[in-house]
Amino acid sequence: MSIGMKVVLSTILVLIGCACLAQAPADLQKALEKRRAGDDLSGWIYDQLQWVAKAPASRCPQLVRAEKEAWRRPHTPEEMQAWQDLLINEGYSLLQNGSIVPSTDAYVAAYNWTRQHSEIADEALVLENILKPLGNNYTRLGDYEQALFIHRKALSLALAGQDKQTLAGVYSNLANTSSNMGQPQQALDYCRQGLNVVDGHSALAGLLLSEQADAAMQIKHTDEAKASISKSIAVLERALARKENPAAGYWLLMAYQQAGDIYGKSMSYYMKALRLQERLQLGDGGTRRRERAKLWLRVGNLDQCLDVLLPGKTFATLRESDLFAENTLVDLLFVRAGFVREQGMSDEALRLYRLSFAAESKLRREFISGSSREQAISDTRSRYEQAIAFAWKSWDSTRDKKYLSSLLGFMESSKSQLLLEEVRQQQRYSGSDSIGARIRLLEKALSYYEKEALGKRDSALVNQEYQINWELAQLRKKVPGGMEKIAASTGLDSLYSALGKGVIARSFFCGSDALYTVECTSSGISFGERLPLGVLWQDSLRTFIHTWFEQGAGPMIDKPMAYYRQAYALYRDLFGLHPFQSGGAYILFTDGALNLLPVEALVTSADGKSSPAYWSFVIGQNLISYGWSLQTLKEQAAGEGKGFSAFFLSGNLRSSPYLKATEAERKGIREIVPGGDWFIDGAATTGAFRKALSSSAVLHISSHAFTQKDSLALPHIELFDSSFYLFELKGLEHQPGLVVLSACRTGDGRVVTGEGVQSLARAFTGGGAKAVIAGWWNVNDEAAAKIMQEFYKELGSGDSSGGKENAARALRAAKLIWLKDPAVPYLHKLPYYWAALNYQGNPQPLKEDVFAVKGRSLGWWPVLLLFIVWVLYRVRRLYTRV
């Protein structure tokens, strides 16, 4: 049999359905043993393909085993073609089984195989049997950017060909993905292009009409949606009757469900879908497990839905280890939680909420593109709010602290999960094994291509970025322990231990109309609180931050008492019921609109003095620092190593504004820290910066910095020869324990719901820094210079309460010195000047004696003094003898 005939045969075979058998029969086993004995790899593969094709959903394990049990790799073109067919059919059969993630992996392997063996790759086969199902799998997983990338590859091949049906199919896939990405107008455009080239009576035309209906519903064109879905059903019913396309039944099944949704949960359409599903299951080769489950969920039969997804399991026996990455499973568990909640089964509802979020986490970790992961985090926000509200209600009615623990657990799961994964990945990939080294190399390559693509619209560079992201995703799955271990949840008891002695943590969740707070120490939870604040409370908080801090010093200078009154009102509303303990050291895990609120700049008394030097600032009675989550804090254990590196740029060759106070800041710090490596102006290059990142315990940066709120697109720090971009932190094996960003708005940036501010400070944290000091708004040069000098004095003194090298305390002490300094003009004691630099991360990020501090540590002077005394004594004795 020729290679071409075998390609056609294997393509046809995957579309045939018959009776299901789970194990290969004895006669097949004998045939396979004979093939192996004769070293006939191609025949061995095709024998299995023919058997699996009769019932692909149940027999797919045979192909998974075949890939592993092959006694050698393919050598001849015929064997290479057979191996490609094995991978394609493996992807297809796993898809029929509902195993989306393994199916995707198989299609990725098939695509990579065609890239490595272009001599046997047929573009039409690659398009139809690899790219189209692979892109659709990414859409099913919710990784829409990667799906779009794959479908665009398919479009370029389809446009070069002459087959209008194939081209229409690609347009359908693009429409589906665009619709799922929330781009209905783009989806409608793809539908129109597809309908222009497709045969109007074909099943594919019916599919395009159903995609058109979905997009029309998104833009609330209900009449247009109803007309399109009615036409779709009519076309697909006729196509199914003619048996012209094996997929017609499946597409009609989806159209019935879609019509039920469009017509307001119409049970008549849902029942049509159920009857068609039974018909397909019995007579036409079955339906996909995932789609059967979706239909049962739509009609409200939750037990049947679970039985399809996890045969033999019940909701009562379901455990986290049973879960897998599947949207329908996520939805099912969440719906079930709501159902049992209404029945008064609080503990069971909370357990199911946790399982739903665990399944969502597994699904999110399968995504390749960062934007898809961010969108997934944002999409779960309202679900977390429902779970948190219910946990609070349970606590409020019973006063059982286990419900506060549930509340805090949900808050932790909703906070900065992508950052936590980055931190854990950085730790896991820091070894010298081949996979870790390859990952770091690819991350560096990705940074290179991202930098090359700045300001350009080069499709070749974009393709390189996608290919590297793709390979990175596959490699990360191969890391020993895998992503499951990297993202393994941590018990709350072990998280409390991340809080040092005397440290008090407050975690927040900003709901749509309430603020939830949980306070804890190393001993456990102290209290929980729900503050009903109205639907516009977060907007009011953002306005406060924008008015008094983001617009410069002018508003606060012009109306200092107006600021005071608002700051006190805010403190009373947020902390009035549970004020901070006097003298307490707090770390705040903020959320939503609380991000970038300088809590230490609020005031605790209604009566304000005329001079800000005497205002009752929170900083006067408390140490306030910030963190991302308890889980992230636990990963930020104090770093090893010594060494101090500093970068100072007062201006460079690219006409940035001159930073006049940089020189004074440098001189002041150098008097305190005489050692270390100092890079000034022309010496402050990107090469020196990268080296310092990997070799310093403390890294100080005083230069211009830009975030995505500025006119330039990507966050970066300006160095002498070029800019250092946020994404260039990827691939570094080591990072400093403490990074000091004495620059404007290095803690500011794009806000991602559930993830916080995507700033330079966050990037350093994701890269492994244990703590970061960063500017939340435009830093006043003179204030920053003076505060930094005092900070390093306090950091090196070793006598501040809380232990040596308590960097958070050192920063607070430096700010208090500024407030008490009579030489500082009273207007410069307004919070705009001193509260810009804030501390995020481990309050004690360094080991002791990272660097010696001149004036506060005697160093070698006592030894020298003793030596001089000894010399004088010896000289005197010698003189006396003479």
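Which residue forms a salt bridge with Arg 364? Let's start there. The partner is Glu 421, and the closest N and O atoms are 3.1 Å apart. One caution before I go on: this is a predicted model.

Where do the two partners sit? Arg 364 belongs to helix α18, residues 346–364, and Glu 421 to helix α22, residues 417–428. The pair therefore ties together parts that are 57 residues apart in sequence. Arg 364 is buried, at 2% relative accessible area. Glu 421 is buried as well, at 7%.

Stay on helix α22. Glu 422 makes a salt bridge too, this one with Arg 762, at 3.2 Å from N to O. Arg 762 lies in helix α33, residues 760–766, while Glu 422 lies in helix α22, so this pair ties together parts that are 340 residues apart in sequence. Glu 422 is partly exposed, at 31%.

Now look at Gly 766. This residue is also in helix α33. Gly 766 is buried, at 5% relative accessible area. Its C-alpha atom is 7.4 Å from that of Leu 420.

Next, a salt bridge inside one helix. Glu 663 pairs with Lys 667, and their closest N and O atoms are 3.7 Å apart. Both are in helix α31, residues 662–672. They are four residues apart, which means about one helical turn separates them. Glu 663 is partly exposed, at 33%. Lys 667 is partly exposed too, at 47%.

Salt bridges can also link up. Arg 35, Asp 40 and Asp 47 are joined in a network of them. How many salt bridges does a search of the whole structure find? The answer is 29.

On to aromatic rings. A pair of rings is described by two things: the distance of the centres and the angle of the planes. How many aromatic pairs does the structure hold? There are 33.

Take Tyr 564 and Trp 615. Their ring centres are 5.0 Å apart, and their planes stand at 75 degrees. Planes over 60 degrees apart count as edge-to-face, so this pair is edge-to-face. Tyr 564 lies in helix α29, residues 560–575. Trp 615 lies in the loop between β4 (585–589) and β5 (623–627). The pair therefore ties together parts that are 51 residues apart in sequence. Tyr 564 is buried, at 1% relative accessible area. Trp 615 is buried, at 6%.

Compare that geometry with Phe 575 and Phe 580. Here the centres are 4.8 Å apart and the planes are at 40 degrees, so the pair is tilted. Phe 575 is buried, at 2% relative accessibility. Phe 580 is buried, at 4%.

Back to Tyr 564 and Trp 615 for a moment. Both belong to one aromatic cluster. Other members include Phe 544, Trp 548, Phe 549 and Tyr 563. The cluster also includes Phe 617, Trp 777, Tyr 832, Tyr 833 and Trp 834.

The charged end of Arg 383 sits over the ring of Phe 334, 4.6 Å from its centre. The charged end of Arg 341 sits over the ring of Phe 390, 6.0 Å from its centre.

Last topic: helix packing. Start with helix α17, residues 327–342, and helix α20, residues 381–398. Their axes come within 12 Å and cross at roughly 30 degrees. Angles under 35 degrees count as roughly parallel, and α17 and α20 are therefore roughly parallel to each other. Their crossing is left-handed.

Now helix α10, residues 184–197, and helix α11, residues 203–218. These two pack with their axes 9 Å apart, at an angle of about 160 degrees. That makes α10 roughly antiparallel to α11. The crossing of α10 and α11 is left-handed.

Then find the edge-to-face pair, Tyr 564 and Trp 615. Finish with α10 and α11, roughly antiparallel.

Key:
Residues numbered from 1 in each chain as written. Predicted model: local features only at pLDDT ≥ 70, side-chain atom pairs only at ≥ 80, totals over all residues. Heavy atoms only, no water. Phe/Tyr/Trp six-rings, centres within 6.5 Å; stacked < 30°, edge-to-face > 60°. Buried < 20%, exposed > 50% of the residue type's maximum accessible area, 1.4 Å probe, protein only. Lys NZ or Arg CZ within 6 Å of the ring centre and 35° of its normal. Salt bridge = Lys/Arg side-chain N within 4 Å of Asp/Glu carboxyl O. Axes fitted to C-alpha atoms, helices over the stretch in contact; angles between N-to-C directions. Parallel < 35°, antiparallel > 145°, perpendicular 65-115°, else oblique. Left-handed = near helix turned anticlockwise from the far one by under 90°.
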